[in-house]
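Trainee: I have a structure open here and would like to talk it through. Could you help me read it?

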Amino acid sequence: MQTIITRLSFLIFCLCSFALMAETQTGINGHIKDAATGEDLIGATIYISETGTGTTTNVYGYYSLAIEPGKYNIRASFMGYETKHFELNIVSTHVLNIELESAYKQLGEITITGDRPDEHVKQVRMSSNNLSMETVKSLPAFMGETDVMKSLMLLPGVSSGGEGSSGIFVRGGNVDQNLVQLDEATVYNVSHLMGFFSVFNADAIKDVQIYKGGMPANYGGRLSSVVDLRMKDGNSRKFAATGGIGSISSRLTVEGPLQKNVSSFILSGRRTYADLFLLLASDSLIRNNQLFFYDLNTKANYRFSDKDRVFFSGYFGRDLLRVNEEFKMGWGNETATVRWNHIFNSRIFSNFTLVYSNFDYLLGFNYGVNSFDWISDIRDYTGKADFTFYLNSQNTIKFGAQSQYHQFNPGQVKGKGSNSGINDFSLSRQNALEHALYTSNEQKLGDALTLEYGVRYSLFQSIGESSSYAFNENYDVTDTLHFGKGEIYHTDHGLEPRLALVYSLEGNQSIKASYNRTRQYLQQTNVSTAGTPLDVWFPASPNVKAQKADQWAAGYFRNFLNNTLESSVEVYYKDMKNQLDFRDGANILLNPLMEADLRVGDAWAYGVEFMFNKTKGDFTGWFSYTWSKAWQQIDGINQGEKYPAAFDRPHDISLVLSYAINPRLNISANWVYQTGKPVTLPVGRYEYGGVVIPVYANRNGSRMPDYHRLDLSATWQTRKRPERSWQGSWNFSIYNAYYRKNTFSYSFRQNEANQHQTDVYKLYLFGIVPSVTYNFSF
């Protein structure tokens, strides 16, 4: 371990030293921004016609491109923006900051001349998707609430956790195997109202990227995917506001310059108000109930110079459910991020980050002597240093280091009142350190072949003060171990190689392939497959090994119809080790010996994904189809035989359509279909001592009925008056338009007339759900 750390640290030190000492190379560098708001544009393209070379901006809108002295025609472009052309005589390093004008004139009227037409085919990245906020907001929304996470479920390889769930399953991985980050801060629970909505307010989000495979080396800690969300920076040119009044919630976003073209801020809030209507009820029992959630996104930035800029961002969200004075449940996320961008020279860009993240929940009962409060939380403190070294036009090197301190409070129960019959108790708190070093290089080998290769080294350390149990082969406790404050009592580590390539063929087509190894040191108890706030995070330990996954993928990509229709087919295979599942009858909640109920084994998943995406014109949308299988084989479960994972969905279809009838009226629809999720159902029963006991079939041996649903929406833009800055629009949506009764769960009851018969009942959540939202901006 020490040898690996020393060698990788030395490599990163050499890269950093070489980059800092390297002479400034002839070329161009700068930022690309939105001309109207000053927002940095992520993924904008710079292209030089004479050399056929180009590059894209990073997540801070920065680019650097090395070229020989001479005269060049330079093109700057970005999806949804007008292209700009420059003719420059380059004699030395030239700073070229560019502002692009939006091509979105009215809702649905899109004149896209700015996107590099072959980016889909030429870029080395595969198994990833980027969703613009314009696309997300154009989709039909449940109760009028635009939802980023539910939009991701319409992509190939991404399936839903179920009706009323914001959790996602990616390529045969569980919900907790996805790393979800908001401005680089981990969001541990992405759900509002038990999963019916996600915590991300689309008005505050600038960009969302999902990586399902071929994961870049700077990401780690999860096996299946990364969802990277970036908040808006705020309008640095003028004050502006946007908002909406919907069926169950309202939202307002205010942004503007603190100092014009130097600093800006954004403040975005959202709250439901269903509980406010309860106050109008005549029944006092109803009036005393509460059910609401709120979000608050904040961000500010300041540009000290052309080479230095700082960002401050935060998210604060909470849910509360209270039934009279007898029951209450609350949960929420808090994140805070501080970042400093520094440009050492034209060839090296750096970002230094400090992050705080917290997720906690409260469950309370007030039933006389059985009154208690149960609290749990997980907190992270993170420091990161990331560097990009633009070596030359053929090589872009990234490297950096990360360190996290985790604090786990799995459960603490306190009795309420002097007459409480509940004794106070706490599960053992745990602490851990998680470190990583990484380096990667994107290298162009001629006009046809581009490689991206790298390695990540991760190290996990469990530290005291804490307690741990030792178990024998029968999972009986043989010893209780106590560790002092700061004592390292468990270490796990490993290398995570990453490789991706693209080989371009004639006629706007290419072949891509990727491989990545990932390691995961945190996992989650799952009370249900959909995920709930009561799912507790716990770390690797002497009894819980780190999870590992190897994923191979290959794909064929081609553009048609003058690059307006993108198509792709990808195949993948994922092999996962040290996968966890609970034995039958396990006690998951508030169990100090929970590790004794865990069983460890292997899992594997494979599939093929098809996608056709029309990106330009009045009629846009995509069709995706995924065929996949996800298996688990764990000793002690299902007699040691393989069984379908709870998130196995062999067939998954999504159809998304949008049509701009005119500049003011847009209609859209999406239809989804999924194979029913696996369930374990009883196949018989017997009586013992007068008690009916069910007999179950194989683990996940049955399936619920297939899931499918049609959603519709129409958006009408009000006429904008030249003398007024106010702009409004009405959105009308119908969720589940043909009233499909999708099964949410089964329940079993003994027939009252025939005690030897068991009746099966299906529960479904939604019929047809219409909604109306008024959106505005000024």
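This is a predicted model: local features need pLDDT of at least 70, side-chain atom pairs count only at pLDDT 80 or more; totals for chains, interfaces and linings use all residues.

Trainee: How is the protein chain divided into domains?

Mentor: The assignment divides the protein chain into domain 1, which covers 2–117, and domain 2, which covers 128–777. If you take the centres over C-alpha atoms, 31 Å separate domain 1 and domain 2.

Trainee: Okay, now the sheet. In what order do the four strands of the open sheet come?

Mentor: The order is S3-S2-S5-S6, and the pairing in this open sheet is antiparallel. At the edges you find strand S3 (53–56) and strand S6 (84–90), each of which pairs on one side only. On average, and with direction ignored, neighbouring strands of this sheet are turned by 20° against each other.

Trainee: How many bridges join S2 to S3?

Mentor: Strand S2, made of residues 45–48, is joined to S3 by four bridges, and the two strands run antiparallel. To find a place to look at in the structure, take Tyr47, which stands opposite Gly54 in S3.

Trainee: Switching to rings, then. How many aromatic pairs are there?

Mentor: The count comes to 41 aromatic pairs. One of them is formed by Phe78 and Tyr81, whose rings are tilted, with 5.5 Å centre to centre and 50° between the planes.

Trainee: And are Phe78 and Tyr81 buried or exposed?

Mentor: Phe78 is buried, and Tyr81 is buried as well. Another pair is Trp730 with Phe732, which is stacked, with 6.4 Å centre to centre and 20° between the planes.

Trainee: Why does Trp730 count as partly exposed?

Mentor: Trp730 has a relative accessible area of 36%, so it counts as partly exposed, because that class lies between the cut-offs of 20% and 50%. Phe732 is also partly exposed, because its relative accessibility is 41%.

Trainee: Which residues form an aromatic cluster?

Mentor: One aromatic cluster is formed by Phe142, Phe196, Phe197, Phe293, Tyr735 and Phe766.

Trainee: Last one: which ring does the charged end of Arg599 sit over?

Mentor: The charged end of Arg599 sits over the ring of Tyr475, at 3.7 Å from the centre of that ring.

Definitions and conventions:
Residues are numbered from 1 along each chain as its sequence is written. Side-chain values use heavy atoms; hydrogens and water are left out. Rings of Phe, Tyr and Trp (its six-membered ring) pair if their centres lie within 6.5 Å; planes under 30 degrees apart count as stacked, over 60 as edge-to-face and the rest as tilted. Buried means under 20% relative accessible area, exposed over 50%, partly exposed in between (1.4 Å probe, protein chains only). A charge sits over a ring if NZ of Lys or CZ of Arg is within 6 Å of the ring centre and within 35 degrees of the ring normal. Two strands pair if DSSP finds at least two bridges between them. Axes are lines fitted to C-alpha atoms, for helices over the stretch in contact, and angles run from 0 to 180 degrees between N-to-C directions. Domain bounds come from an automatic or database domain assignment.
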